[in-house]
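This report walks through a two-chain model, piece by piece. Keep the sequence and the 3D view open while reading.

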Amino acid sequence: MTETPTPSQTVGPFFAIGLPQVGGAELVPPGDPDAVRLFGIVTDGDGEPVDDAYLEIWQANRAGRYAHPEDTREELPLEDGFKGFGRVGTDDEGRYEFVTVKPGPVPAPGGGMQAPHIDVSVFARGLLKRVVTRVYFPDESEANGADPILSSVPDEEARAALVAREENGGLRFDIRLQGDGETAFFDV
Amino acid sequence: MAHQMTGGGVVIGYRRDDAKVDPPLLSPDYVATRTRAPKRPLVPLPHTLSEVTGPVYGHEAVGELDHDLTRQHEGEPIGERIILHGRVIDGDGRPVRNTLIEIWQANAAGRYRHLVDQHPAPLDPNFGGAGRCLTDDEGRYRFITIKPGAYPWRNHPNAWRAAHIHVSLFGPAFATRLVTQMYFPGDPLFFQDPIFLSVRGERDRDKMISSFDLSETVEEWALAYRFDIVLRGRESTPMVD
């Protein structure tokens, strides 16, 4: 017997009273030698900052292992305290920031490896369902070029925009929900 | 085999929303979607190890009173105390065990404890409006809270949200993440609530409406509402390429 899933609904404008308690902006302590600031701004179809969005990120650790029972590659280490999950709201100017590490590569469908990437979900008032994108890394141009998911983004400009850019010692990744320069979102 | 399935790059994905249960991102009657819904088609993403794994939270994420929104402050909140309970199952009817559920809601007067909410209804010093719990081995969960009030919003003239509780679940994988809203049976505001109506199928909308549950109602203490939640089921065959 197949059950129909419960439909998605928007988080609305008031999620901050319930959601920030689990997750948080720091996946690693800021003093971690591999710590990377991942930051950016979320804008809407009018180019206005979205000050009531929140982002969730999900990623493998620096060795490329997910802290999840279905990643059974025991030859790769797990890290104490690293869950690979972060969650943070945007501020008055639509900005967000995480402190994390660059994940290692993980297997691709059908063999080979995916380029290092972070899965990103965006939730907001006006989004009836989360939208999902991926962050790729600017120092991985060869792996990015061979990545089957990144390569599947049809629009060249949108594909290039999924690669974060180096700025102020961190990595900047802006999200445009709609309109000029609209971010490539995936059907998960 | 399990090692080969993940390590070798062959994973079993989750089923797609072929029946279009979820609301379209652009639902113009809900005005905020007009400037926030992406306009380009979504890019199909075959599920990889990144999407069939997901955050794992257990008992460490949940405090002793997190499930009881009536006992998180010095006194008791004003309003109609209710028990909200149900089961979380997957698309094949199997329990989703030990998964984190988070809820948030307005108080009995229809106001959220949030700076942006300026509805001229009283805040309740004894009600924060947020809770969390884990499902048990049968996928069951249980909250104690108060029934939220309806509240006005500016979507269209004389617009009111049907009373609801926001419900957020992780499930076993990144792909199973769900945020929905739970409504109450017989709400007279459904017909004019474009968020509720954004779900196109009537039977699908019904899945967001809890049912009054006399069997779990506690005599001389609290009415119970049952809200069962279904997360996506899994494909039956591995995806290759």
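## Two loop asparagines in chain B

Asn98(B) sits in the loop between strand S2 (81–89) and S3 of chain B. Helices (H or I, at least four residues) and strands (E, at least two) are DSSP runs, numbered from the N terminus. The phi of Asn98(B) is near 50°, a positive value in a residue other than glycine. Most residues other than glycine have a negative phi. Asn98(B) counts as partly exposed because it has 15 other C-beta atoms within 10 Å. The scale works like this: a residue is buried if 20 or more other C-beta atoms lie within 10 Å of its own, exposed if 12 or fewer, and partly exposed in between, with C-beta atoms placed from the backbone.

Asn158(B) also has a positive phi, near 55°. Its loop runs between strand S6 (151–153) and strand S7 (159–161) of chain B. Asn158(B) is exposed, with 6 other C-beta atoms within 10 Å.

## How to read the model

This is a predicted model: local features need pLDDT of at least 70, side-chain atom pairs count only at pLDDT 80 or more, and totals for chains, interfaces and linings use all residues. Residues are numbered from 1 along each chain as its sequence is written, while chains are lettered from A and ligands numbered from 1 in the order in which they are written.

## Chain B overall

Chain B has five helices and 12 strands. For its 241 residues, a compact globule would have a radius of gyration near 18 Å; chain B has 19 Å, which agrees. That radius is taken over C-alpha atoms, and the globule rule is 2.2 Å times the number of residues to the power 0.38. The C-alpha atoms fill a box of roughly 55 × 40 × 35 Å along the principal axes.

Buried residues make up 44% of chain B. Take the contacts in chain B between residues at least 6 apart in sequence: 73% of them join residues at least 24 apart. Two residues are in contact if their C-beta atoms, placed from the backbone, lie within 7 Å.

## A four-stranded sheet in chain B

Chain B holds an open sheet of four strands in the order S4-S3-S8-S9, with antiparallel pairing. Two strands pair if DSSP finds at least two bridges between them. Strand S4 (130–134) and S9 of chain B are the edge strands, and each pairs on one side only. Neighbouring strands of this sheet are turned by 20° against each other on average, direction ignored. Here the axes are lines fitted to C-alpha atoms, for helices over the stretch in contact, and angles run from 0 to 180 degrees between N-to-C directions.

S3(B) and S8(B) run antiparallel and are joined by five bridges. Look for Glu102(B), which stands opposite Ser168(B) in S8(B).

## Chain A

Chain A has three helices and 12 strands. With 188 residues, a compact globule would have a radius of gyration near 16 Å; chain A has 17 Å, which agrees. Its C-alpha atoms fill a box of roughly 50 × 45 × 35 Å along the principal axes. Buried residues make up 51% of the chain. Residues 24 or more positions apart account for 70% of the contacts in chain A with a separation of 6 or more.

Strand S3 (residues 85–89) of chain A has four of its five residues buried, so the rest of the structure largely encloses it. Strand S2 (residues 53–58) of chain A pairs with S3(A) in the antiparallel sense over five bridges. Tyr54(A) stands opposite Gly89(A) in S3(A). Ala160(A) belongs to helix H3 (residues 156–160) of chain A. Ala160(A) is partly exposed, with 14 other C-beta atoms within 10 Å. The C-alpha atoms of Ala160(A) and Tyr54(A) are separated by 23 Å, at 106 residues apart along the chain.

## Where the chains meet

Contacts link 76 residues of chain B with 64 residues of chain A. Several elements of chain B each supply at least two residues of the side that touches chain A, among them helix H1 (2–7), strand S3 (100–105), strand S8 (164–169) and strand S9 (178–183). The residues of that side divide into 39 nonpolar, 23 polar and 14 charged. Ala, Val, Leu, Ile, Met, Phe, Trp, Tyr, Cys and Pro count as nonpolar, Asp, Glu, Lys and Arg as charged, and the others, Gly among them, as polar.

Asp187(A) stands opposite Pro44(B) in S1(B).
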